[in-house]
Amino acid sequence: MSAQPISPELLACIAERFKAIAEPARLHILHSLRPGELTVSQLVELTGMGQANVSKHLQILHTHGFVTRRKRGLFTLYRVADRDIFRLCDIMCGHLERDAAARRRLLTAG
């Protein structure tokens with residue numbers, strides 16, 4: 001079965017979304033949000049990044065639809081918009097674990 005053609009415009013959109021998560025700081029923020037909603041202050045504490053840096057990355061994640069936000073009093077709470085992002089991360093982590101295991105076997109076989 002052949003794959004459906006993908007338009008250049010759609011490919012560009014897909015690439016933009018991948019670029020948005022191709023930043024370690026943003027992946028760290030997403031991972032920190034895995035258990036549930038957090039404020040910027042809580043994310044600053046969990047990630048060790050500065051508030052301005054966390055806010056900048058959250059804005060990018062929000063713009064690309066990876067996180068949603070809601071106000072609660074003076075605070076803004078952020079959460080992951082679609083938990084499928086963790087499926088992508090889990091797939092990649094699985095690949096990295098298998099690659100590392102294969103390298104260990106090669107190194108210990110000699």
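**Exposure, contacts and salt bridges**

Me: Why is Asp 90, at 40% relative accessibility, counted as partly exposed?

Reply: Asp 90 has a relative accessibility of 40%, and because buried means under 20% and exposed means over 50%, Asp 90 counts as partly exposed. The model is a predicted one, and the value is computed from it.

Me: What makes the pairing of Asp 90 with Arg 34 a salt bridge?

Reply: The closest N and O atoms of Asp 90 and Arg 34 are 3.0 Å apart, and since a salt bridge calls for a side-chain nitrogen of Lys or Arg within 4 Å of a carboxyl oxygen of Asp or Glu, the pair qualifies as a salt bridge. Arg 34 is itself partly exposed, with a relative accessible area of 27%.

Me: How do you know that Arg 70 and Glu 37 form a salt bridge, and where in the chain do the two lie?

Reply: Their closest N and O atoms are 2.7 Å apart, which is within the 4 Å that a salt bridge requires. Arg 70 belongs to strand 2, whereas Glu 37 sits in the loop between helix 2 and strand 1, so that the pair links distant parts of the chain, 33 residues apart. Arg 70, at a relative accessible area of 40%, is partly exposed, and Glu 37, at 30%, is partly exposed as well.

Me: Why is Arg 87 called exposed, and what is Asp 84 called?

Reply: The relative accessible area of Arg 87 is 55%, and because exposed means over 50%, Arg 87 is called exposed. Asp 84, at 39%, counts as partly exposed. These two residues form a salt bridge with closest N and O atoms 3.3 Å apart, and both lie in helix 5, 3 residues apart, about one turn of the helix.

Me: Which residues have the most contacts inside the largest nonpolar core?

Reply: They are Ile 29, Leu 30 and Leu 33, in a core of 19 residues. Elements that each supply at least two residues of this core include helix 1, helix 2 and strand 3.

Me: Where does His 28 lie, and what does His 28 touch?

Reply: His 28 lies in helix 2 and, leaving aside residues up to four places away in sequence, touches Leu 46, Thr 47 and Met 49. The C-alpha atoms of His 28 and Thr 47 are separated by 6.8 Å, although the residues are 19 apart along the chain.

Key
Residues are numbered from 1 along each chain as its sequence is written. This is a predicted model: local features need pLDDT of at least 70, side-chain atom pairs count only at pLDDT 80 or more; totals for chains, interfaces and linings use all residues. Side-chain values use heavy atoms; hydrogens and water are left out. Helices (H or I, at least four residues) and strands (E, at least two) are DSSP runs, numbered from the N terminus. Contact means heavy atoms within 4.5 Å. A nonpolar core is a set of buried Ala, Val, Leu, Ile, Met, Phe, Trp, Tyr and Cys residues joined through side-chain atoms within 4.5 Å. Buried means under 20% relative accessible area, exposed over 50%, partly exposed in between (1.4 Å probe, protein chains only).
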